[in-house]
Amino acid sequence: MHTPPVSSGGGGVVSGEVTIASAASAGGAGALRVQTGGAAKDSGSLSVQSGSAAADDAGGIIVTAGATAAADAAEVMLRAGSSQGGVGGSVVVRTGGSTVASEGSSTGQLRVSTADGAQTGDITLQSGGSA
């Protein structure tokens with residue numbers, strides 16, 4: 001079964017906007033899950049991609065976890081898949097390159113930081129132990 005993609009606009013000067021959201025609530029808000037199905041062989045991939053631009057700035061991607069006034073805020077977690085018989089998946093963070101080979105062009109920056117506060121969190125880089 002093929003399901004057509006959710007999309008908007010034909011892209012003339014400005015294409016449309018698509019918002020997918022769970023409803024707000026005075027109690028608990030619903031979760032929003034995007035998931036591909038499992039399979040006996042290859043399962044589907046999930047791709048989140050913003051559009052390119054021929055002029056001006058290309059669209060960005062922002063992943064933000066919820067904030068709270070009364071408890072611990074939510075985490076943002078990137079986790080690669082595990083393997084029972086091969087190599088586990090990788091998490092790759094890579095900056096954008098520049099295709100202009102002129103002086104002053106550069107690749108994007110990679111920044112890892114904690115927020116300001118009375119006590120700030122640690123930044124930990126750790127590899128797993130071998131079995």
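This is a predicted model: local features need pLDDT of at least 70, side-chain atom pairs count only at pLDDT 80 or more; totals for chains, interfaces and linings use all residues.
Start by selecting Ala65: beyond its neighbours within four places in sequence, Ala65 is in contact (heavy atoms within 4.5 Å) with Ala74, Glu75 and Val76. Ala65 and Val76 are 11 residues apart in sequence, yet 5.9 Å apart in space from C-alpha to C-alpha.

Residues are numbered from 1 along each chain as its sequence is written, and side-chain values use heavy atoms, leaving out hydrogens and water.

Next, select Val63, which counts as exposed at 63% relative accessibility.

Now move on to the pockets. A pocket is an open set of points on a 1 Å grid over the protein atoms alone where a 1.4 Å probe fits, with protein on both sides within 12 Å along at least five of seven lines; lining residues have an atom within 4 Å of a point.

The largest pocket holds about 810 Å³ of space. Among its 25 lining residues, Val76, Leu78, Val91, Val92 and Val93 are the closest to its centre.

Finally, visit the second largest pocket, with a volume of about 670 Å³. Select Ile20, Val34, Ser47, Val48 and Gln49, which lie nearest the centre among its 16 lining residues. In both cases the volume is the space filled by probe spheres set on the points, with grid points joined across faces, edges and corners.

Definitions and conventions. Buried means under 20% relative accessible area, exposed over 50%, partly exposed in between (1.4 Å probe, protein chains only).
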